[in-house]
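Biologist: Could we go through a few features together, with the general idea and then the case at hand?

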Amino acid sequence: MAQTGSDGANKGGITGGARAVAGGPLSGSISAPGDKSISHRSLILAALAQGESRVRGLLEADDVLRTAAAMRALGAEVEKDRGVDGASVWRVSGATGSKTPWRTPSHALYFGNSGTGVRLVMGAAAGAGVAASFDGDISLRARPMGRVLEPLRMMGVEAESHDGRLPVRIDGAAALSAVNVKLATASAQVKSAILLAALGASGKTCLHEPVLCRDHTERMLGAFGVKLAMTPDGEGGRFIEIEGGQRLRPADVTVPGDPSSAAFAIAAALVVPHSDVTVEGVLMNPLRTGLYETLREMGADIVFDNERELNGEPVADIRARHSVLHGVDVPAVRAPSMIDEYPILSIVAAYAHGETMMRGLEELRVKESDRIAAVEAGLASCGADAQSGPDWFRVRGIGKLKGGGRIATHHDHRIAMSFLVAGLASEKPVDIDDVSMIATSFPDFFERMAAIGAKMQGV
Ligand code: S3P
């Protein structure tokens with residue numbers, strides 16, 4: 001049976017439903033939790049490397065902890081330790097000396113709600129030449145896996161599944177061959193799965209990425225000693241070439257703050273009158289910052305301070321002050337750089353004046369929930385004017401939100417957090433049905449939001 005809900009309790013003691021109510025201005029500085037994408041990758045690459053890697057700032061959320069458990073089941077040593085400053089340091093060691101980095105696990109690997117974890121580990125396990133079964137919760141079981149299984153099959157992996165969904169069994173024992181493949185969807189999960197499988201293929205895999213999407217796997221593979229060649233395709237995309245048979249060497253990683261999680265506090269500051277909030281240490285990779293670009297176009301008072309580099313990734317502190325916003329057209333080309341941020345952008349758009357049109361959103365239909373449907377229904381129950389099509393979403397903002405709705409979150413953390421932010425400035429409180437999934441990406445969401453003055457409680 002597929003399970004539902006998250007195993008991890010949200011810190012802050014809230015279980016079940018929750019309510020957000022409008023209060024005074026939000027103010028102060030908080031840090032963002034570790035970036036989820038980089039956290040998954042740091043564990044997977046470290047587990048593939050021969051010798052010990054150390055990871056600081058890891059996002060200790062359900063999704064990432066499932067990947068840590070999978071790495072242990074595949075034979076890596078994964079331990080949480082404390083550094084001299086008291087902060088956690090994860091020590092991860094892949095097998096040394098053996099021909100293959102991983103061993104076939106004794107049980108099915110369970111990924112809970114995490115699409116990133118399951119898809120990346122499928123690719124990596126295929127590349128490591130092991131057989132493994134993969135499963136997830138009710139939301140993950142509904143999501144398409146064929147987009148990863150098809151390229152893996154082209155490489156010679158045997159993969160079994162019912163209609164391209166979990167549970168899936170793959171067997172990477174056969175000799176894998178390199179492929180020439182063009183990404184059909186601008187998906188960093190699919191791209192990463194192919195690159196990780198290509199590590200175990202004989203020959204050079206050439207992947208054509210016509211629309212750029214987050215490049216953390218490419219950047220981090222470089223830090224772990226893997227050689228990749230990247231060439232522009234002349235039309236905004238690029239070719240990535242990777243030679244099979246490369247073993248990873250250990251590396252130390254410090255995970256920057258997650259721009260997708262920082263977005264909730266930033267959005268709250270923009271819509272709650274007289275607010276002034278800073279989120280420190282946020283990843284500013286240009287393939288992740290589409291939301292911030294969009295908010296600025298809407299008239300948001302957002303400033304990037306203290307810009308610096310961490311592990312080859314740009315990082316900054318983001319300061320946001322309450323702003324009078326106007327609607328904008330968000331072009332489809334921007335979607336990959338803000339794919340997880342449309343729910344919170346839609347809330348901000350309801351507080352803006354005029355129409356915000358978002359295009360190129362077909363992928364939102366297959367996230368942790370059908371996010372277009374979930375946001376449309378939620379906004380309607382809060383009294384906002386919103387319409388959708390197969391791949392677009394439109395919100396007509398009037399500068400304020402009535403609120404009063406009880407929002408169905410559909411096992412989706414970002415729907416839950418977005419509507420709690422909506423309730424911080426609405427005329428009536430906003431309730432959500434279930435907070436449990438917030439722990440998949442942002443376990444101390446309630447604490448960090450309370451630290452800037454947000455009023456949220458269990459109901
Ligand atoms: C992610 C890629 C995106 C994003 C997800 C994290 C990643 O998914 O929505 O939250 O870490 O590679 P897709 O690759 O399916 O677009």
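Biologist: Leaving aside neighbours within four places in sequence, which residues is Thr409 in contact with?

Modeller: Contact means heavy atoms within 4.5 Å, and on that basis Thr409 touches Ile415, Ala416, Ile432, Asp433 and Asp434. With Asp433 there is also a side-chain polar contact of 2.6 Å, a polar contact being a pair of N or O atoms within 3.5 Å, where within protein one must be able to donate a hydrogen and the other to accept it, and residues adjacent in sequence count only if both atoms are side-chain atoms. This is a predicted model, in which local features need pLDDT of at least 70 and side-chain atom pairs count only at pLDDT 80 or more, while totals for chains, interfaces and linings use all residues. Residues are numbered from 1 along each chain as its sequence is written, and side-chain values use heavy atoms, with hydrogens and water left out.

Biologist: Where is Thr409 found, and is Thr409 buried or exposed?

Modeller: Thr409 is in the loop between strand 24 (406–407) and helix 12 (413–422), where helices (H or I, at least four residues) and strands (E, at least two) are DSSP runs numbered from the N terminus. Buried means under 20% relative accessible area, exposed over 50%, and partly exposed in between (1.4 Å probe, protein chains only); Thr409, with a relative accessible area of 1%, is buried.

Biologist: How do the axes of helix 11 and helix 12 cross?

Modeller: Two packed helices are described by the angle between their axes and the distance between the axes. Axes are lines fitted to C-alpha atoms, for helices over the stretch in contact, and angles run from 0 to 180 degrees between N-to-C directions. The axes of helix 11 (residues 371–381) and helix 12 come within 11 Å and cross at roughly 25 degrees. Helix 11 and helix 12 are therefore roughly parallel, since angles under 35 degrees count as roughly parallel, over 145 as roughly antiparallel, 65 to 115 as roughly perpendicular and the rest as oblique.

Biologist: Which residues of helix 8 and helix 10 meet?

Modeller: Ala263, Phe264, Ala267 and Val271 in helix 8 meet Ile344, Val348 and Tyr351 in helix 10. The axes of helix 8 (residues 259–271) and helix 10 (residues 342–351) come within 10 Å and cross at roughly 0 degrees, which means that helix 8 is roughly parallel to helix 10.

Biologist: Is Asp215 buried or exposed?

Modeller: Asp215, in the loop between strand 13 (204–209) and helix 7, counts as buried at 8% relative accessibility.
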